[in-house]
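Q: I am new to this structure and would like to learn how to read it feature by feature. Could you take me through it slowly, with the general idea before each case?

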Amino acid sequence: MRMRYSTLASASVLAVLLAACSDIPDPVGPIPSGALPRVSPQGGLSQWFATASPVVLAMPGAVFADHDEAGNRLVFGAEHAAAANGIRAAAARMGIPESAFEVRVVAPIHQLATLRDRIRPTVGGIQIHFFQFLCTLGFNADVGGQRSFITNSHCTQRQGGVEDTEYFQPLSTVDGTVIAVEVDDPEYFRGTSGCPRGRICRFSDASRALYNGTTPSAQGVLARTSGPNNGSLEITGSFNVTSQSTETEFDNGTEVNKIGRTTGWTQGDVVASCATVNVAQTNITQLCQTLVQGASRIVGAGDSGSPVFLHKGGPNVELIGILWGGSASGQLLVFSPFANIIRELGPINATQ
């Protein structure tokens, strides 16, 4: 379920704006009356709005301008009282009567980050780029004292075996820094541990990448969008990984969640546990995997590597695995249990 990447995709990637500031700017100074257009008393709200809106929005601290037809007045938003006073003064100088407008102090409006934007420190559930493909960063972890992240084995240049795959976030065309390099990806085996004849097998579709020394990462943190199964990719908060599962089997009907760069936060119910799963159009079989069914689309190309978790209430979650596949309809996903990841990659601490 990794996604092929084209350089054309980079044009649609928006930079993350982090222009939050706690300091209040200097008060807006007097505006020379000659610098402002005058409005005709007979013009009415529509003309007043057309004249005043571009003037107000060019002022420091202005947030929005609105012609409120229902309230029969103009409404302007300002970041703080000083900006509000400046807007009132400007409106008066333009000849707009005080009864015809209102100025409200409101929070500034920022462009929201999405799962496909540049996120620092990195967290689980966001987009990563390698070679010609896009996947999802599963989760950050401490592995033997090494600051790492876990994603899929098939989110490397070759599934199984280490080829020193280099990772970028979100895209090499947005940020050319190599954030991490693949260091652990066990080879697939054959002929033992229940592996079917003629096929190669593993217990997890998982690999580990080692961070470079300059890319910050947040261990035990997953990106959170506004809600499950609503299609949103905007990051509105975070989940805290407070525990990690040691189970390989989950009761049918258990509600599980995932967060991924393509379909965001989705959830469904376990329908099969510790199942042997053949990967379509390959000779690969994944042993002891979990299948999850949703009422609607819960997975798509590029979601490979998504962290899978149980929601424990509030921001707290229990990490239970990593997603690697799904059906063509997107209503069925498959994940490798966390216990199987540890079985193949060794002891992992992914909690806060």
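Q: How many residues does the largest nonpolar core have, and which of them have the most contacts inside it?
A: Please keep in mind that this is a predicted model. The largest nonpolar core has 41 residues, and those with the most contacts inside it are Phe139, Phe149, Ile150, Ile341 and Ile348. Strand S14, residues 217–224, gives the largest share of this core, namely four residues. Another core, of 21 residues, lies apart from it and has Ala65, Ala84, Met94 and Ile96 among its members.

Q: Which residues is isoleucine 341 in contact with, leaving aside its neighbours within four places in sequence?
A: Isoleucine 341 is in contact with Phe139, Ile150, Ser204, Ala206, Gly321, Ile322, Ser336, Gly346 and Ile348. Of these contacts, Phe139, Ile150 and Ile348 are also listed, like Ile341 itself, among the residues with the most contacts inside the largest core.

Q: How should I read a pair of aromatic rings, and what is the geometry of the pair formed by phenylalanine 239 and tryptophan 265?
A: A pair of aromatic rings is described by the distance of the centres and the angle of the planes. The count here comes to 11 aromatic pairs. Phenylalanine 239 and tryptophan 265 form an edge-to-face pair, with 5.0 Å from centre to centre and 85° between the planes. Because phenylalanine 239 lies in strand S15 (residues 237–244) and tryptophan 265 in strand S17 (residues 264–278), the pair ties together parts that are 26 residues apart in sequence. Both phenylalanine 239 and tryptophan 265 are buried.

Q: Which residues form one aromatic cluster, and where does arginine 2 lie?
A: The cluster is formed by Phe130, Phe131, Phe133, Phe149, Tyr167 and Tyr211. Arginine 2 lies over the face of phenylalanine 133, at 3.8 Å from the ring centre, while arginine 343 lies over the face of phenylalanine 203, at 3.6 Å from the ring centre.

Q: Is valine 270 buried or exposed, and which residues does it touch beyond four places in sequence?
A: Valine 270 has its place in strand S17, and its relative accessibility is 2%, under the 20% limit, so it counts as buried. Beyond four places in sequence, valine 270 touches Phe250, Asp251, Asn252, Gly253, Thr254, Val256, Thr290, Leu291 and Val292. Its C-alpha atom is separated by 9.8 Å from that of glutamate 249, which is 21 residues apart along the chain.

Q: How do I read a sheet, and what is the order of the open sheet of three strands?
A: Strands of a sheet pair through backbone hydrogen bonds, either parallel or antiparallel. The order in this open sheet is S2-S3-S4, and the pairing is mixed. Strand S2 (62–68) and strand S4 (101–105) stand at the edges with a single partner strand each, so one side of each is left without a neighbour in the sheet. From one strand to the next, the twist averages 20°.

Q: How many bridges join S2 to S3, and which helix packs on the sheet touching S2, S3 and S4?
A: S2 and S3 run antiparallel and are joined by six bridges, with aspartate 66 standing opposite valine 75 in S3. Strand S3 (residues 73–78) pairs with S4 in the parallel sense over five bridges, and the bridge partner of valine 75 in S4 is glutamate 102. Helix H2 (residues 81–93) packs on the sheet, touching S2, S3 and S4, and its direction makes about 165° with that of S4.

Key. Residues numbered from 1 in each chain as written. Predicted model: local features only at pLDDT ≥ 70, side-chain atom pairs only at ≥ 80, totals over all residues. Heavy atoms only, no water. Phe/Tyr/Trp six-rings, centres within 6.5 Å; stacked < 30°, edge-to-face > 60°. Helix = DSSP H or I, 4+ residues; strand = E, 2+ residues; numbered from the N terminus. Buried < 20%, exposed > 50% of the residue type's maximum accessible area, 1.4 Å probe, protein only. Lys NZ or Arg CZ within 6 Å of the ring centre and 35° of its normal. Contact = heavy atoms within 4.5 Å. Pairing = 2+ DSSP bridges. Axes fitted to C-alpha atoms, helices over the stretch in contact; angles between N-to-C directions. Core = buried A, V, L, I, M, F, W, Y, C linked by side-chain atoms within 4.5 Å.
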